[in-house]
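Here is a briefing on aromatic rings and their surroundings. Look over the sequence and the model first.

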Amino acid sequence: MQNRKIAFRAWDRKNKKWVTDVDLSNSNVMTIRQTKDGFRFLNEKESDFDFVQFTGLLDSKGREIYEGDFVRNPSNVIWWIEWQEDKGRWTYRCGGIAEQPYGKTYFGLTYSSAIKMEILGNRFSNPELLNK
């Protein structure tokens, strides 16, 4: 049995940068390891951070795909990665993010679809992609 990597990263709204070494310490608190300042304990609801989860999949260049990432498929269509709660799955979708050829469509994110995609950015550090 293969273990699946569970990983998070956090967008620091105040400093406009990613904190990539994020660890769940319990169900209510996330620990963010800072290189200079040691450990900081933050409650997600009271913090200046937005947390996103790794999907467990890599793009065509071997980069980790996280929720909120924008990816482009071989047909040059831009998709947005998100968790679809009612289906219990990671999805890629277009529609609702400018005009896309497929309308508001959701597809299950799988290994075979992910390896054909390329990460362009994400909704935090590249909000201009919302309009592409």
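Tyr-92 counts as buried at 13% relative accessibility (buried is under 20% relative accessible area, exposed over 50%, partly exposed in between, with a 1.4 Å probe and protein chains only). This is a predicted model: local features need pLDDT of at least 70, side-chain atom pairs need 80 or more, and totals for chains, interfaces and linings use all residues. Numbering starts from 1 along each chain as its sequence is written, and side-chain values use heavy atoms, without hydrogens and water.

**Aromatic pairs**

- Rings of Phe, Tyr and Trp (its six-membered ring) pair if their centres lie within 6.5 Å; planes under 30 degrees apart are stacked, over 60 edge-to-face, the rest tilted.
- The count by this rule is 10 aromatic pairs.
- Phe-70 and Trp-80 are stacked, with 6.3 Å centre to centre and 25° between the planes.
- Phe-70 is in strand E7 (residues 69-72) and Trp-80 in strand E8 (residues 78-84), so their pair ties together parts 10 residues apart in sequence. Strands are DSSP runs of E, at least two residues, numbered from the N terminus.
- Phe-70 and Trp-80 are both buried.
- Trp-79 and Tyr-92 pair edge-to-face, at 4.9 Å centre to centre and 80° between the planes.
- Trp-79 is in strand E8 and Tyr-92 in strand E9 (residues 89-94), so this pair links parts 13 residues apart in sequence.
- Trp-79 is buried, at 2% relative accessible area.

**Cluster**

- Trp-11, Trp-18 and Phe-124 make up one aromatic cluster.

**Charges over rings**

- A charge sits over a ring if NZ of Lys or CZ of Arg is within 6 Å of the ring centre and within 35 degrees of the ring normal.
- Arg-9 has its charged end over the ring of Trp-18, 4.1 Å from the centre.
- Lys-5 lies over the face of Phe-54, 5.6 Å from the ring centre.

How values were computed
Helices (H or I, at least four residues) and strands (E, at least two) are DSSP runs, numbered from the N terminus.
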